[in-house]
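These are my notebook entries on a two-chain structure, written down in the order in which I looked things up.

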Amino acid sequence: MKPAPFRYEAARSLSGALELLAGDQDARALAGGQSLVPMLNFRLAWPELIVDLNPLAELAHLDASGGDLRIGALTRQATLQRSDVVAAGWPLLIQAVAHVGHAAIRTRGTVGGSVAHADPAAELPVALTALDARFHLRSRDGARSLSAGELFQGALTTALEPGELLVEIEVPASPPAARTAFLEHARTHGDFAVAGVAVILAPGEHAAIALLGADAVPVRAAAAEQALLNGAGPGEAARLAAAGIADDYRRALLTTLSERALDQVMA
Amino acid sequence: MTRSELIGAPLPRREDARVLRGETRYVDDVVVPGMAHAAFVRSPHAHAGITSISVPQDAEGLIAVVTAADIGAAVRAFPVMEPDDMEVNHAEAHPVLAAGEVRYAGQPVAAVIARTRALAEDAAELVDVQYDERPAVLAPRESGVVLTRWSGGAGDVDAAFAAAAHVVSGSYALPRLIAAPMETRGCVAAYEPVDDCLTVWCSAQDIHRPLAQLSHILDRPPAGIRLIVPDVGGAFGSKGVIAPEIAAVAASAMRLGIPVKWTEDRLENLVGGTQGRGIEGDLQLALAADGRMLGLRARLWADLGGYLLTTTPIPPHTAATLITGVYDIAAAAVTVVGALTHKVPTGPYRGAGRPDAAYMVEALVDEAARRTGIHRVELRRRNLIRSFPHRTATGLEYDSGDYERCLDLALELAADGGRARDRDGGDGDVVRGRGIALYVERAGGGWESAEIELGPGGTFAIASSSSPHGQGHDITFAQIAADRLGVPIQDIELHFGDSATSPPGVGTFGSRSVAMAGSAVAIAADDLLAQARARTGAAIVDWQRLAEVAGPDRPRAAARFQSANVFSSGAYVATVRIDCGTGELTVERLIAVDDAGTLINPLLVHGQVIGGAVQALGECLTEEAVYDDGGQPRTGSFLDYSLLTAAEVPPIVTGEVQTPSPFNPLGAKGAGEGGAVGTLPAVANAVTDALGGRRVEPPFTSDKLWRALHDDPRGDGR
């Protein structure tokens, strides 16, 4: 479990990092390293070049001064978890990040790394999907912004092109009346989730349900959201949310978790 | 502390501070000048012929690529143990490196020796092995190739079944498990031509077995090998046989004339380390109308893997011989077949056949209780062995025990007579169950030795043949010696783990160290005291004065202690809850009552019980070595092989019964495995109870339990 040989460059600026990434098709960006380093050690990833983003303080911001929450991609999961600003305005992120690994993993792991890695069992992409987050990408040659639906393409697959870097995640504010819950089922504490659900509900005003484990990417349960806005109860909405899942156990699991999450926000 | 206070004193281990401060020296900390590093080319296939091996001529830091063709003449296949009356197919012993054929994914094919481990891994990528893939057999019942076989029994089994009012049967299966010690395996091997001595530092449970195995494999007299076991970070049975890689490294070090280190990484350990359990069985029990057990039939199949390693035959033999459990069953017919499968070999893992037997017989007894309508506690009471020594139908001789006292204490601690399952726990969508299980386990046996000597300052040095890997031999043996000699415990110093200085013995396994090596310490200390009394003419010896007067002629003593097996036992009660919406199992409470004979150090015994119980909870909740249909291991990292965290561990209440063994001067039995033996059947029976009699096999994962619950008509109140 030693990585295959690779070149290592510590980024000195965002533009420098983008330049390095643009210069090598086989370059990989290193953020917290909680997934990439094991993949290197297993020799599942064989990059030519590692561009270490960790020196880039400019990517580690957490700022809600403009009303929306702007999360620098290099913001540590532990920083997110401890943020009073996030707790006050975006409690769903706090509820979700508590399920990410263990404290040591969250201390190194970054929000952007979790999103860009796009593990189907990861919690933060699901919470950000429920929150209608926008994902800001940069490359040497330009910038673009994607929705969760556009970004997450499949298991460990995103719309990020070679040379492109996730730099910031922008999370709109939820209505003041919104309540949120994140529930998951995992084999053990801190393990990746088998299934999970993120819900946001401001009755009659806003409803969002995102599912973990329904597909290889986070899934919004649009029919259930509409039903909630039309006054459906937790049981009915939960059944609608999981209705399309073929596997009977997984469907039952997501129905149960959705109903319990909705019970919490409607209690 | 007076003599009577030392035996039974809960003293902490003297090495704790050193371990916690990181001042330990594991085998990976051993550095020999000029040392090279090994990595291995491993089979990617479960079963294949090797058609060619092409070795890189040059690579950065590469010293050599060693294959079976290079060392074939210098090494033999592994020696294989032969338990009593077991047929063992020695022709299928594990080779050091694969020659012509591979029989499991991960089997070592070539050792790549380079300046660093990273460079060795890089060079290993350049070794090109061509394979001719062959079909893989994964199920032991479908194997057709028998590696081991044991049959035993006594009494007229057919007559017992003919006379039975009830016959209950059950089929049971335990998956393979991975021992997952924090410290993986590894060695440093250095050959010194001047004195023709091969020195091997090895992460192992003891020195004697690795030395004997290397002596056989390298065809080298034991005196030509020095085996040193430094600090060891856990073994759980998996380090009682050397890894084939260690033999390959030793042979390579001799061939190349340079010291070589191999430190197994986690991936290697998960796919290439011996696995535990992997056994299934069909059992039938004949009962009289009053619930008396008349006869037992058992046919077991063990999934032994592609080859036999030294210790591979042991667990199925232990499982088969213990299959009648704590019950007085006069007639039994038991067969266990160890079959070749295309997976890594199995071997002992904490319990090593004991949990397998307890799981099967205790589930069968619960089934009998459901079928006969006799309460499960009452049914057990009616059939317990009550007089000792007791010879079982399978040929074991139980030395002593008080099974009913264990059961009574467990029920008292559970504050309940064994109440039936509870469908409505008051908090909605859950079912609860309670399980009771009794166990008896083989411990001790064989022999160990000790040497004790009065040092110049009036203190004592003891060399034990046994060696520790976490158990706490040092404080325990010091308690024994200080007690026998009537001296302060700090005056006793223990030495372990170096074949150059340790007395002969067998090793640390099978819950045997106190009963065997501890008894040798006691007898050696008694001898020393008798010598000192004879010399001084005083009943109370002034040791310091004696040391001064005696000079170099200070007294010393040695003892070898041998005995038959002793049998520990216990009673466990588990309470579980299953979430009907998710299938999630929560073990709410575990009562663990163990009888390990006379306890020398109850603090360490408590630790052993908790540790064993937690490993068994992992077996119940999550652990399973999984192979796909082609025989590829799918549990190659801790992402996939799920170990428990502290969050999953329930409150564990322990209780003890101390029935001294008549077979040793301490009255000791064994405590290292009881927690791992009793917990599994108790939790399994609790799960079956919660499921209303429906059985599933461990691990009791959420999906299995949810499916079991939802196929269930659940007519009672839901």
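In which sense do β13(A) and strand β14 (residues 219–220) of chain A pair, and over how many bridges? I find the antiparallel sense, over two bridges, where strands count as paired if DSSP finds at least two bridges between them, and where helices (H or I, at least four residues) and strands (E, at least two) are DSSP runs numbered from the N terminus.

Before going on I note that this is a predicted model, in which local features need pLDDT of at least 70 and side-chain atom pairs count only at pLDDT 80 or more, while totals for chains, interfaces and linings use all residues. Residues are numbered from 1 along each chain as its sequence is written, and chains are lettered from A and ligands numbered from 1 in the order in which they are written.

**Entry: strands of chain A**

Within the β13(A) and β14(A) pair, I see A:Ala210 opposite A:Arg220, and in the hairpin, which has six residues between the strands, A:Gly213 takes a positive phi near 100°. I then looked to the other partner, strand β12 (residues 193–202) of chain A, which pairs with β13(A) in the antiparallel sense over seven bridges, with A:Val199 standing opposite A:Ile209. These two strands also form a hairpin, with three residues between them, and A:Gly204 in that turn has a positive phi of about 75°. Strand β13 (residues 206–212) of chain A is mostly covered, since I count six of its seven residues as buried; a residue is buried if 20 or more other C-beta atoms, placed from the backbone, lie within 10 Å of its own, exposed if 12 or fewer, and partly exposed in between.

**Entry: a loop residue of chain A**

Is A:Glu58 buried or exposed? A:Glu58 is exposed, because 11 other C-beta atoms lie within 10 Å, and its place is in the loop between β3 (49–52) and β4 (62–63) of chain A. I also checked A:His136, 78 residues apart from A:Glu58 along the chain, and the C-alpha atoms of the two are separated by 14 Å.

**Entry: domains of chain A**

The domain assignment, whose bounds come from an automatic or database source, gives domain 1 (7–52), domain 2 (57–171) and domain 3 (179–266) for chain A. The C-alpha centres of domain 2 and domain 3 of chain A lie 21 Å apart, and 22 residues of domain 2 are in contact with 19 residues of domain 3, contact meaning that C-beta atoms placed from the backbone lie within 7 Å.

**Entry: where the chains meet**

I find 15 residues of chain A in contact with 20 residues of chain B. The largest share of the chain A side, four residues, comes from helix α12 (residues 248–266) of chain A.

**Entry: a sheet of chain B**

Seven strands of chain B form an open sheet with mixed pairing, in the order β3-β6-β1-β13-β10-β11-β12. β3 (62–67) and β12 (225–228) of chain B stand at the edges with a single partner strand each, so one side of each is left without a neighbour in the sheet. Strand β1 (residues 36–42) and strand β6 (residues 108–114) of chain B pair in the antiparallel sense over six bridges, and the bridge partner of B:Ala39 in β6(B) is B:Val112. Helix α4 (residues 117–124) of chain B lies across β1, β3 and β6 of chain B, running at about 30° to β1(B); axes here are lines fitted to C-alpha atoms, for helices over the stretch in contact, and angles run from 0 to 180 degrees between N-to-C directions.

**Entry: the core and a covered helix**

I looked up B:Val112 again, and B:Val112 is, with B:Ala250 and B:Ala481, among the residues with the most contacts inside the largest nonpolar core, which has 319 residues; such a core is a set of buried Ala, Val, Leu, Ile, Met, Phe, Trp, Tyr and Cys residues joined through C-beta atoms within 7 Å. Helix α14 (residues 513–536) of chain B gives the most to this core, with 13 residues. Leaving aside neighbours within four places in sequence, B:Val112 is in contact with residues including B:Phe40, B:Val65 and B:Ala120. Last, in helix α9 (residues 314–321) of chain B, eight of its eight residues are buried.

Conventions. Two residues are in contact if their C-beta atoms, placed from the backbone, lie within 7 Å.
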